[in-house]
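Please examine the sequence and the model shown below. The briefing that follows groups its points by topic.

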Amino acid sequence: TPSRKPIMAGNWKMNNTHLEAIRLVQQLAFALKEADHEAVEVVVVPPFTAIRSVQTLVDADKLQIGYGAQDVSAHAAGAYTGEISGSMLAKLGCSYVVVGHSERRQYHHEDDALVNAKIKAAYAAELTPILCVGEGLEIRKAGEQVSYTLGQVERALEKIPAEQARSIVIAYEPVWAIGTGEVATPADAQEVCGAIRGRLAELYDAELAAGVRIQYGGSVKSGNIAGIMAQPDVDGALVGGASLDAGEFVKICRYRD
Ligand code: PEP
């Protein structure tokens with residue numbers, strides 16, 4: 001039987017200066033108990049400018065909080081003004097990097113080929129990608145959410161070998177549920193997360209598919225997380241707005257209570 005430790009990741013988006021980040025991580029560290037860390041993996045995803053401060057705090061107090069970045073360049077180094085490389089993030093102790101968030105796809109025109117290149121860049125720097133996929137409202141209304149999302153997964157993983165893909169985290173985030181307060185039903189989340197696992201088994205093998213953690217994201221709050229986590233193919237959440245409040249994020253991490 002697969003052991004998939006649930007992973008709760010807080011995507012802070014463009015919120016929190018480095019000083020505010022220190023305060024939020026300190027609040028999380030104070031509230032989270034050993035039992036929480038045993039039950040779930042807790043990850044924060046601050047803006048680039050706060051990562052160094054989070055690293056300092058995590059290292060100094062040996063916190064069991066993982067952290068990562070919200071984006072990574074597809075390039076390793078060079079004349080790419082404004083971009084941040086995977087090796088820069090790895091040097092700051094990042095374990096994870098979010099790739100293909102719908103806000104990057106929408107506002108920065110990231111397509112599946114670029115997402116694929118960024119996944120390769122992440123692995124080249126020994127970062128674990130949190131690959132975001134999910135359909136918009138029109139596709140949901142047409143009932144094509146499964147085929148659309150599986151297409152994104154397939155193109156993102158093109159030529160990614162099993163040795164790398166087995167560590168990936170995939171976040172199913174229906175665009176219509178992100179930041180809207182409109183959460184998918186547990187059955188909606190399960191339908192697509194289960195289909196993603198099925199496709200991983202076809203692309204790779206059943207053992208790999210059984211080990212990959214698949215998150216749900218989209219207006220997750222302490223009040224709706226339990227039903228979503230009860231689904232067999234949902235192994236955590238990517239949390240935006242609700243991760244900015246330490247008390248609320250800790251409650252999400254304690255969804256079993
Ligand atoms: C996200 O940004 O990944 C997200 C799911 O946001 P929210 O929780 O605010 O909907």
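The buried residues of helix α10 are covered by several elements, among them α8 (145-156), β6 (169-172), α11 (206-211), β7 (213-217) and α12 (225-229). Here a residue is buried if 20 or more other C-beta atoms lie within 10 Å of its own, exposed if 12 or fewer, and partly exposed in between, with C-beta atoms placed from the backbone. Helices (H or I, at least four residues) and strands (E, at least two) are DSSP runs, numbered from the N terminus. Two residues are in contact, or touch, if their C-beta atoms, placed from the backbone, lie within 7 Å.

This is a predicted model, in which local features need pLDDT of at least 70 and side-chain atom pairs count only at pLDDT 80 or more, while totals for chains, interfaces and linings use all residues. Residues are numbered from 1 along each chain as its sequence is written.

**Helix α10**

- The buried residues of α10 are Ala189, Val192, Cys193, Ile196, Arg197 and Leu200.
- Seen down the axis of α10, these buried residues fall within an arc of 140 degrees (the arc of the directions from the helix axis to the C-beta atoms), so they line one face of the helix.
- An α-helix has 3.6 residues a turn, so residues three or four places apart point the same way.
- The exposed residues Ala187 and Glu202 are carried on the face of α10 turned away from its buried side.
- Helix α10 has 18 residues (residues 186-203), which at 1.5 Å a residue should span 26 Å; the expected span is 1.5 Å times one less than the number of residues. The end C-alpha atoms of α10 are 25 Å apart, which agrees.
- Ala201 is placed in helix α10 and counts as partly exposed because it has 15 C-beta neighbours inside 10 Å.
- Not counting residues up to four places away in sequence, Ala201 touches Ala206 and Ala209.
- Ala201 and Glu110 are 91 residues apart along the chain, and their C-alpha atoms are separated by 26 Å.

- In α3 (48-60), the buried residues are Ala50, Ile51 and Val54.
- Seen down the axis of α3, its buried residues fall within an arc of 115 degrees, so they line one face of the helix.
- On the other side of α3, the residues Thr49, Asp59 and Ala60 are exposed.
- The cover of the buried residues of α3 includes α1, β2 and β3.
- Lys62 lies in the loop between α3 and β3 (65-69), and it counts as exposed because it has 7 C-beta neighbours inside 10 Å.
- The phi of Lys62 is near 50 degrees, a positive value in a residue other than glycine.

- Most residues other than glycine have a negative phi.
- Lys13, which is not a glycine, has a positive phi of about 55 degrees.
- Lys13 is found in the loop between β1 and α1, and it is partly exposed, with 18 other C-beta atoms within 10 Å.

**Helix α13**

- The buried residues of helix α13 (residues 246-253) are Phe249, Ile252 and Cys253.
- Seen down the axis of α13, its buried residues fall within an arc of 105 degrees, so they line one face of the helix.
- These buried residues of α13 pack against β1 (7-11), α1 (18-31), α2 (34-39), β2 (41-45), α12 and β8 (236-239).

- A nonpolar core is a set of buried Ala, Val, Leu, Ile, Met, Phe, Trp, Tyr and Cys residues joined through C-beta atoms within 7 Å.
- The largest nonpolar core has 73 residues, of which Met8, Val97, Val99, Ile130, Leu131, Ile170 and Tyr172 touch the most other members.
- Leaving out residues up to four places away in sequence, Ile130 touches Ala9, Tyr96, Val97, Val98, Val99, Val169, Ala171 and Leu238.
- Thr128 lies in strand β5 (residues 128-133) and is buried, with 20 other C-beta atoms within 10 Å.
- Apart from its neighbours within four places in sequence, Thr128 is in contact with Ser95, Tyr96, Ser167, Ile168 and Val169.
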